[in-house]
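Try each task before reading its solution.

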Amino acid sequence: MLQAAAPLLAPVFTLVGTPVSRAELLGTLLALAMVVLNMRVHPAAWPLAIASSLLYALLFASSKLYGEAALQLFFVGMAAWGWWCWLRGTGQDGTPLRVHRLSAAQRWRIAAATLLAWPALAGLLISATDSTTPWLDALPTVGSIAGTLLLGRKALENWPVWVAVNLISVVLFASKALWLTTALYGLFALMAMAGWRAWLQLERRDALA
């Protein structure tokens, strides 16, 4: 697969002495557009997520970040689900899905599941792959799964999850000298904070409606 995708993995310019591929450049641009649309709760974010995830799956596999590569393929399926949820999904009361908060019990369940999944995935990467950063690779992977599930259901708490995931990812991608992606995830962390604030306003507005 990587051989067939060689044109996408070919460098187009260098950044801080490191080549940046077409896949990384296109994935970056699509991902930025996706986050902007997520902040506006626009369903067009999801097809952009599918395209960006496919490009990043190639990029991460070529860098031996297998947890992140597998995560991108998971995102493709989750993006289709999230797209459907935002277009057709309903809340527990049967009304169209809208921005809302989780209960305290739901927050604890998400946190516990994420913390339990982290060592399980790290162990899998250690035993089944030649990953050079299994623990650092596994943590944002399981966090991203939680964040995507929350985003698909329009839960406000997806944004603080993404802030944490993006900050950890900055360290991970810097360790692989993927500098454009490192900068992108730093920007994602800032955008997640802005998205958190925007969705807080939406949730408060809807609560008063």
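**Exercise 1. Find how strands S1 and S2 pair, and what lies in the turn between them.**

Step 1: Locate strand S1 at residues 11–15 and strand S2 at residues 18–21. Strands here are DSSP runs of type E with at least two residues, helices are runs of H or I with at least four, and both are numbered from the N terminus.

Step 2: The two strands pair in the antiparallel sense over 4 bridges; pairing requires that DSSP finds at least two bridges between them. Leu 15 stands opposite Thr 18 in S2.

Step 3: S1 and S2 form a hairpin with 2 residues between them, and Val 16 in the turn has a positive phi of about 55 degrees.

A note on the model: it is predicted, so local features need pLDDT of at least 70 and side-chain atom pairs count only at pLDDT 80 or more, while totals for chains, interfaces and linings use all residues. Residues are numbered from 1 along each chain as its sequence is written, and side-chain values use heavy atoms, with hydrogens and water left out.

**Exercise 2. Check the length of helix H5 and say what its buried residues pack against.**

Step 1: Helix H5 covers residues 104–128, which is 25 residues. The expected span is 1.5 Å times one less than the number of residues.

Step 2: That rule gives 36 Å for H5, and its end C-alpha atoms are 36 Å apart, so the two values agree.

Step 3: Thr 114, Leu 121, Ala 122 and Leu 125 are buried in H5. Buried means under 20% relative accessible area, exposed over 50%, and partly exposed in between (1.4 Å probe, protein chains only).

Step 4: The buried residues of H5 pack against helix H4 (66–88) and helix H6 (134–152), where contact means heavy atoms within 4.5 Å.

**Exercise 3. Which residues form the salt bridges, and which parts of the chain do they tie together?**

Step 1: The structure holds 2 salt bridges. Each is a side-chain nitrogen of Lys or Arg within 4 Å of a carboxyl oxygen of Asp or Glu.

Step 2: Arg 101 pairs with Glu 203, with the closest N and O atoms 3.3 Å apart. Arg 101 is in the loop between H4 and H5 and Glu 203 is in helix H8, so this pair ties together parts 102 residues apart in sequence.

Step 3: Glu 157 pairs with Arg 107, with the closest N and O atoms 3.1 Å apart. Glu 157 is in the loop between H6 and helix H7 (158–175) and Arg 107 is in helix H5, so this pair ties together parts 50 residues apart in sequence.

Step 4: Arg 101 is partly exposed at 40% and Glu 203 is buried at 15%; Arg 107 is partly exposed at 37% and Glu 157 is buried at 12%.
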